[in-house]
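Please keep the sequence and the model in view while reading.

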Amino acid sequence: MKIKQLIYVFLVAMLLTSCATEGNKDATKEAIEFDYFVEQFADIKVLRYKIPAFEELSLKEKKLVYYLTQAGLSGRDIMWDQNYRHNLSVRKGLESINKNYTGDRDTENFKLFKTYLKRVWFSNGIHHHYSNDKIKPKFTKEYFTNYLLKNSDTQLSLEIVEVLFNDADNKKVNKKSGVDNILSSAINFYAPDITDKEVVDFYKTAYKGPEGMPVEAGLNSKLVRENGKLVEKVWKSGGMYGTAIDHVIGWLEKAQGVAENAKQANALGLLIDYYKTGSLDTWDAYCIAWATSIEGNIDWINGFIEVYNDPKGYRGSYETIVQIKDFDMSHKMKVLSENAQWFEDNAPLDPTHKKDSVVGVSYKTVHVAGEAGDASPSTPIGVNLPNNNWIRQQHGSKSVSLGNIIGAYNNAGGTGRLKEFANDEEEIRLEEKYGQISDKLHTALHEVVGHASGQINEGIGQPKETLQNYASTMEEGRADLVGLYYLMDPKLQELGLTDNVKELGMAAYDGYIRNGLMSQLIRINLGDDIEEDHMVNRQWVSAWSFEQGEKENVIEKIVKENGNTYFNITDYTKLREIFGTLLRETQRIKSEGDFEAAKNLVEGYGVKVDQQIHKEVLKRNEQFTAAAYSGFVNPVLTPTLDENETIIDIVVQQPKSFEEQMLFYAKNYNFLGTEN
């Protein structure tokens, strides 16, 4: 489970600091010394990140980081194919045009082509990485076929050319109510003719694992129809995506050879076995070994992980993140995991929905050394894994905050939108003083306490079975509410995490409501519904809370003389109580598997947009040139070899441009064909 940076376009945080003014000075100095900005196009800003303290690692540790990043990149093509069945054909065709086009490259049309190519690169396919809408070229089909294809000797089938410009497969993931979510989604997890009902019926009888220890059924396969029957094409060595997975395995075997300790080596061995066999029981064994391997400076996420891209919540997108521990910040923040049981005991939940014992929750701040698949170029800022509920309950979980990613966002950001959408100077003051630390603590509470809290009633299925297409947004909203509830709790100040919990909580509440009811709307087109799970959860949390407090004017809607709308919280204590009430209800929905209640909450408060507010937000946002979405190029890790071809060092280099990195990846990690 992860918090995407795009979810919190205003909620970026950096290291704990006792003085915001000095912290801002340091950030400015650092931004001057290191150029975080790469380029901007369409609605995208591409940034760089540093790998702090990499040079302080031993050679063995550097090798481990290098091998793990290479393993991750080797599976890059998998994510492209998962996102859409024609993506690899499209990418290779566009890259061929980019390389071989002999026509005039200075025309407006060719510039539009370059922007389109970069947008496709950024989204790992032809559907927008966040909205899931198909990215339509700004140039014409005639220009594409008569100029770009002909003058580059590029071959693309008529079907693929048509799909770039027509309205087929317009939505990568469609979770709307009232439609067949599988048939209307272009995601390549299911054969194009398979329906919702067929998927539900198939998994009623599919292997679910041992009693009380259910596997994540469907996690690592595509569901297809063969000879009239539904079967799973498993993603493994010798199976679907086998050629890329074999390269992943090869690098993981090298990593296992330089593991920091026996537990790490054992976990890597199980991950290798999983990729070789495709066994979901082995995946669970790996997840247990990984979750309980907490020693060492290096860690990783690797596999088919998050199920947001599956409208039914079964299949995991390929993802890797390689991490180096930030010792200072991990020490400061470990008090959250050490007090996880206190947070569980004091949560405003039905006692029957609480865990008697919260097991093995670990929290670390890490520095990213490399990302691939679903984590790149658009990256999370926090992650809590594994996702399997019984493993989390019995063996624990790992929560990480990606410190250098958060720092890069902070160094590349600005305050213009804050001043535009904040109600008054006091709201701005609170955000500038406590915004960074409150955002960091909300991320930590969301990941460490939120996702680890609560339990499902005995005999109730997993949320993907009970809550179906609402499972993801309900889980993210529930974890958000845990964080919101505790951000005004004196316990945080008692633990030494803030010097003023009241003002910290006020800043957090202001930012959440401001984002959930207004500022996040800059990311969608006028007239569109909200569809992305995290955006949906922020709106239903905010809108439900606004409605609940309306009689007592807990959140005041203000329209000023200039016609601009603002939301002003008048009673933070009462709002915390409202958040607690909603948290209790969302946990009940999860614990009892109440599909209708989840549907009513999400559809009633999270999907539809106030069109007048939306129009106003877009108009007020026109003054800002900064893109709504950001992502990253990865630092390049290059081995230094001696005369015997032995690695004697690993050197970190920064790519000069986004295009340079994408072409480098296409050349060096091109392990899948166009049909898989």
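A polar contact is a pair of N or O atoms within 3.5 Å; within protein, one atom must be able to donate a hydrogen and the other to accept it. The model described here is predicted.

**Helix α10 and its ends**

With that cut-off in mind, the start of α10 can be read: N261 caps the N-terminal end of this helix, with a side-chain oxygen 3.2 Å from the backbone nitrogen of K263. Helix α10 itself covers residues 262-277, which is 16 residues. From its first C-alpha to its last it reaches 22 Å, close to the 22 Å expected at 1.5 Å a residue. Just after α10, G278 takes a positive phi of about 75°.

Which residues of α10 are buried? They are Q264, A265, A267, L268, G269, L270, L271, I272, Y274 and Y275. The packing partners of these buried residues include three helices, α2 (59-74), α9 (242-257) and α11 (280-291). Strands β6 (298-304) and β7 (318-325) are also packed against by the buried residues of α10.

Strand β7 holds Q323. Because its relative accessibility is 2%, Q323 counts as buried. Leaving out residues up to four places away in sequence, Q323 touches N297, I298, D299, W300, I301, V366, H367 and V400.

Elsewhere, strands β4 (residues 221-226) and β5 (residues 229-234) pair in the antiparallel sense over six bridges. One of the residues involved is R225, whose bridge partner in β5 is L230. The two strands form a hairpin with two residues between them, and N227 in the turn has a positive phi of about 55°.

**Two further helix residues**

Helix α4 (residues 87-100) contains N100, while Q539 sits in helix α22 (residues 533-548). N100 counts as partly exposed because its relative accessibility is 34%. Q539, at 7% relative accessibility, therefore counts as buried.

Setting aside residues up to four places away in sequence, N100 touches R105, N151 and S152. With neighbours within four places likewise left aside, Q539 is in contact with G516, Q520, L521, I530, W544, Y605, G606, V607 and K608. One of these contacts has a polar part: the backbone oxygen of K608 lies 2.6 Å from a polar atom of the Q539 side chain.

| Pair | Separation in sequence | Distance in space |
|---|---|---|
| N100 and I569 | 469 residues | 58 Å |
| Q539 and Y605 | 66 residues | 6.7 Å |

Y605 is also among the residues in contact with Q539.

**The second largest pocket**

How much space lies in the second largest pocket? The volume is about 750 Å³. Its lining is made up of 37 residues, and those nearest the centre of the pocket are D43, R119, H128, R523 and N525. Helices α5 (108-123) and α25 (611-621) each supply at least two residues of this lining. The largest share, four residues, comes from α5.

How values were computed
Residues numbered from 1 in each chain as written. Predicted model: local features only at pLDDT ≥ 70, side-chain atom pairs only at ≥ 80, totals over all residues. Heavy atoms only, no water. Expected span 1.5 Å × (residues − 1). Buried < 20%, exposed > 50% of the residue type's maximum accessible area, 1.4 Å probe, protein only. Contact = heavy atoms within 4.5 Å. Pairing = 2+ DSSP bridges. 1 Å grid on protein atoms, 1.4 Å probe; cavity = no way out; pocket = protein on both sides within 12 Å on 5 of 7 lines; lining within 4 Å. Points joined across faces, edges and corners; volume = space filled by probe spheres on them.
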